[in-house]
Amino acid sequence: MIDLYCERLGPGLTAEPINALTNGAFLVAAWRLEQLARCGERRDPGVLTLAVLALAIGVGSGLFHTFATGWALAADVIPILLFQLLVLLLYLRRRAGVSTAGAVALCLAFLLACLAGRSVPGALNGSLAYAPTLAVLAVLAWHQRRRSLPPSLAWATGLFSLSLLMRSVDNAVCPFWPTGTHLFWHLLNAAVLVLGGVAVLPDRNNGATDAGRR
Ligand SMILES: [Zn+2]
């Protein structure tokens with residue numbers, strides 16, 4: 001059994017009821033992303049894939065907070081990583097005008113940074129793995145501002161900072177807050193996923209990328 005969070009006091013499928021149930025927020029995020037993906041008769045394949053990954057995040061995280069095993073941890077972590085990589089790839093291609101090769105190279109660099117963060121599992125309750133995510137969100141929010149784009153990623157950066165804090169202090173607050181704060185990591189991040197999808201929606205006026213129109 002993997003015991004990472006305050007709420008879990010021992011083995012058992014219902015040892016983390018709040019941490020398990022709050023994953024329902026990711027299912028709501030998946031539903032919202034599927035709505036955003038619709039463009040008349042068609043659906044944008046990029047945002048639709050984000051909706052599927054948000055669904056996988058909800059299911060995978062729900063499994064991990066229920067079974068607390070190695071395979072369930074993989075089911076939790078892999079969809080989260082894929083979601084982040086796809087948002088970064090779509091943003092670089094659709095908003096920043098980066099070439100496919102350049103975008104793939106930057107995604108690989110991001111992946112390596114995430115894996116490096118994971119190699120220090122004890123730091124900040126394992127939250128160091130998400131430091132590259134916060135850094136990339138902040139850079140892309142800055143890019144949105146520079147291009148006068150709607151500030152969805154500034155909101156995402158603020159919410160993710162708060163959710164990362166909640167994730168990091170989960171075990172520290174345990175003595176006086178028995179459920180811990182990991183539930184807020186789920187609830188806030190569901191909103192962050194939707195904001196990530198909003199940031200990479202295709203230009204519906206003429207199919208050109210924002211960067212291409214500048
Ligand atoms: Zn969780």
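This report describes the zinc site, the aromatic pairs, a surface patch and the salt bridges of a predicted model.

## Zinc site

Three histidines hold the protein donor atoms of the zinc ion: H65, H182 and H186. Each donates through NE2, and the distances to the zinc ion run from 2.0 to 2.2 Å. Along the sequence the donors follow the spacing H-x116-H-x3-H.

H65 belongs to helix α3 (residues 45-67), while H186 belongs to helix α8 (residues 182-199). H65 and H186 are both buried.

## Aromatic pairs

The structure contains five aromatic pairs. In one of them, the rings of F67 and W71 have centres 5.4 Å apart. Their planes meet at 45°, so this pair is tilted. F67 is partly exposed, at 36% relative accessible area.

F160 and W185 form another tilted pair, with 5.7 Å from centre to centre and 50° between the planes. This pair links distant parts of the chain: F160 sits in helix α7 (residues 152-168) and W185 in helix α8, 25 residues apart. Both F160 and W185 are buried. Ring pairs also bring Y130 into a cluster with F160 and W185.

## Surface patch

F176, W177, F184 and L187 make a nonpolar surface patch of about 430 Å². W177 is placed in the loop between α7 and α8. Its relative accessibility is 44%, and W177 therefore counts as partly exposed.

## Salt bridges

There are four salt bridges in the structure. R8 pairs with E16, and their closest N and O atoms are 2.7 Å apart. Both partners are buried: R8 has a relative accessible area of 3%, and E16 has a relative accessibility of 2%.

E34 pairs with R43, with 2.6 Å between the closest N and O atoms. Here E34 is buried at 18% relative accessibility, whereas R43 is partly exposed at 41%. D44 pairs with R94, and the closest N and O atoms are 2.7 Å apart. That bridge links distant parts of the chain, 50 residues apart: D44 lies in the loop between β2 (42-43) and α3, and R94 lies in helix α4 (residues 70-94). D44 is buried, at 7% relative accessible area. R94 is buried as well, at 16%. Salt bridges with shared partners join E34, R38 and R43 into one network.

Terms used: Residues numbered from 1 in each chain as written. Predicted model: local features only at pLDDT ≥ 70, side-chain atom pairs only at ≥ 80, totals over all residues. Heavy atoms only, no water. Donors = N, O, S within 2.8 Å, 3.2 Å for Na, K, Ca; no water. Helix = DSSP H or I, 4+ residues; strand = E, 2+ residues; numbered from the N terminus. Buried < 20%, exposed > 50% of the residue type's maximum accessible area, 1.4 Å probe, protein only. Phe/Tyr/Trp six-rings, centres within 6.5 Å; stacked < 30°, edge-to-face > 60°. Patch = residues over 30% accessible without salt bridge, like charges linked within 9 Å, V, L, I, M, F, W, Y side chains within 5 Å. Areas by Shrake-Rupley, 256 points an atom, 1.4 Å probe, with all protein chains shown as cover. Salt bridge = Lys/Arg side-chain N within 4 Å of Asp/Glu carboxyl O.
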